[in-house]
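I opened this chain for the first time today. These are my notes, in the order I looked things up.

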Amino acid sequence: MAALGTVLSTTDIASKAVRTGVVTVTALETTKAITFGAAMPSANYRVFTNPEASLTVVLWPSAKGTGGFTLNLSIGVAGDIAWMAIED
């Protein structure tokens, strides 16, 4: 695993399992189940998120498993959130 703040080369990233997607959330949701199309090798991965609009919300993953994770939202918002999981 690379240390936080370490720049990974394209070779480093090419050897990692990566899953990406976009999830739509509604103003009533503060959690969203994310399911991978193909399982990750292990539950040791990092999740990166990017709201696709000006959403003022704190996002964090929990319940990480090989098949997916739960995306948590600090408040309910309506919009799309892009996510990426990269194997440690």
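I checked burial first: 27% of the chain's 88 residues count as buried. I am working with a predicted model. For the surface, I read about 5200 Å² of accessible area, with 57% of that belonging to carbon and sulfur atoms.

Next I listed the secondary structure. Starting from the N terminus, I wrote down the order α-β-β-β-β-β-β.

Then I looked at contacts. I took those between residues at least 6 apart in sequence, and 68% of them join residues at least 24 apart.

I turned to the sheet. Which order do its strands take? I noted β1-β6-β3, an open sheet of three strands with antiparallel pairing. Its edges are β1 (18–25) and β3 (45–51). Each has a single partner strand, so one side of each has no neighbour in the sheet. I read an average twist of 20° from one strand to the next.

I followed one pairing further. β1 and β6 (residues 79–87) run antiparallel, and eight bridges join them. Within this pairing, I found T24 opposite D80 of β6.

My last stop was a nonpolar surface patch. Which residues make it? I13, V18, F48 and M84 do, over about 300 Å². I placed I13 in helix α1, which covers residues 10–14. Why is I13 counted as partly exposed? Its relative accessibility is 37%, and partly exposed means between the 20% limit for buried and the 50% limit for exposed.

Terms used. Residues numbered from 1 in each chain as written. Predicted model: local features only at pLDDT ≥ 70, side-chain atom pairs only at ≥ 80, totals over all residues. Heavy atoms only, no water. Helix = DSSP H or I, 4+ residues; strand = E, 2+ residues; numbered from the N terminus. Buried < 20%, exposed > 50% of the residue type's maximum accessible area, 1.4 Å probe, protein only. Contact = heavy atoms within 4.5 Å. Areas by Shrake-Rupley, 256 points an atom, 1.4 Å probe, with all protein chains shown as cover. Patch = residues over 30% accessible without salt bridge, like charges linked within 9 Å, V, L, I, M, F, W, Y side chains within 5 Å. Salt bridge = Lys/Arg side-chain N within 4 Å of Asp/Glu carboxyl O. Pairing = 2+ DSSP bridges. Axes fitted to C-alpha atoms, helices over the stretch in contact; angles between N-to-C directions.
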